[in-house]
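Student: Hi! I have a new model to look through and could use a hand. Can we go over how its strands are arranged?

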Amino acid sequence: HLDTESGLLTIKGIGSCNLNKLSDYISLVKEIVFEEGIKYADGVDGKWFAFVNLRKVYMPSTFISFHTSNINRQPFYNSKNLEYIDCSPLNEHLVSIDGVLFNKEQTKVIAYPWAVKKLTIPSTIEKQLQYEEFENLHSLQELTLGSLNGSMFNHGAAGTYNQGFGALFR
């Protein structure tokens, strides 16, 4: 259900939901709430991921994963105003830390909001991160990298950065 005045999109049901049918309304959505019972969200890149006015997303305890046609794209790719992704603390598969969605073990970034101002990447992340994964964080003011085993970025830099993020990825 979409409340066109507030921009709140409430997704109800059991199991999977397909958001491709919303392409005519995507500019009206400011907040998405997946209610309890929703386990999966299906979408095709460029359609439901590009909610241009989306600010916040809430994931319930029942949510397991997003399905996308492009495995290299995060959910909500191109949602340039997204500030926060929240998740129920009772979710057994996902966790939200400072508005960034991780798998429960915090070994993989599932989705990050493009308009995030402060980003902390825990040392538990397993794969080397690439510049392309963060190039669209146009509002980022501070990036904190945990103590790293091996190389998280191209040269394995831990610490807090307040500018010059590009240097981390060269």
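Tutor: Happy to! One term to begin with: strands (E, at least two residues) and helices (H or I, at least four) are DSSP runs, numbered from the N terminus. Two strands pair if DSSP finds at least two bridges between them. This is a predicted model, where local features need pLDDT of at least 70 and side-chain atom pairs count only at pLDDT 80 or more, while totals for chains, interfaces and linings use all residues. Residues are numbered from 1 along each chain as its sequence is written, and side-chain values use heavy atoms, with hydrogens and water left out.

Student: Got it. In what order do the five strands of the open sheet come?

Tutor: The order is E1-E2-E4-E6-E8, and the pairing is mixed.

Student: Which strands stand at the edges there?

Tutor: Strand E1 (2-3) and E8 do. Each has a single partner strand, so one side of each is left without a neighbour in the sheet.

Student: How many bridges are there between E2 and E4?

Tutor: Four, with strand E2 (residues 8-11) and strand E4 (residues 31-34) pairing in the parallel sense. Along that pair, Leu9 stands opposite Ile32 in E4.

Student: And what joins E4 to E6?

Tutor: Three bridges, and E4 runs parallel to strand E6 (residues 56-59). Glu31 has Lys56 in E6 as its bridge partner. Lys56 turns up again on the way to E8, where its bridge partner is Tyr84. E6 and E8 also run parallel, joined by four bridges.

Student: Where do the side chains go in a strand?

Tutor: As a general rule, side chains in a regular strand alternate between the two faces of the sheet.

Student: New topic: Ser79. Is it buried or exposed?

Tutor: Ser79 is buried, with a relative accessible area of 0%. Buried means under 20%, exposed over 50%, and partly exposed in between, using a 1.4 Å probe and protein chains only.

Student: Where does Ser79 lie?

Tutor: In the loop between strand E7 (65-68) and strand E8 (84-87). A polar atom of the Ser79 side chain lies 3.1 Å from the backbone nitrogen of Phe51.

Student: What about the three-strand sheet?

Tutor: That open sheet has the order E9-E10-E11, with antiparallel pairing. Strand E9 (94-97) and strand E11 (109-111) stand at its edges, each with a single partner strand.

Student: How many bridges do E9 and E10 have?

Tutor: Four, in the antiparallel sense, with E10 covering residues 100-103. Leu94, for example, has Asn103 in E10 as its bridge partner.

Definitions and conventions: Polar contact = N/O pair within 3.5 Å; in protein donor to acceptor, adjacent residues only side chain to side chain.
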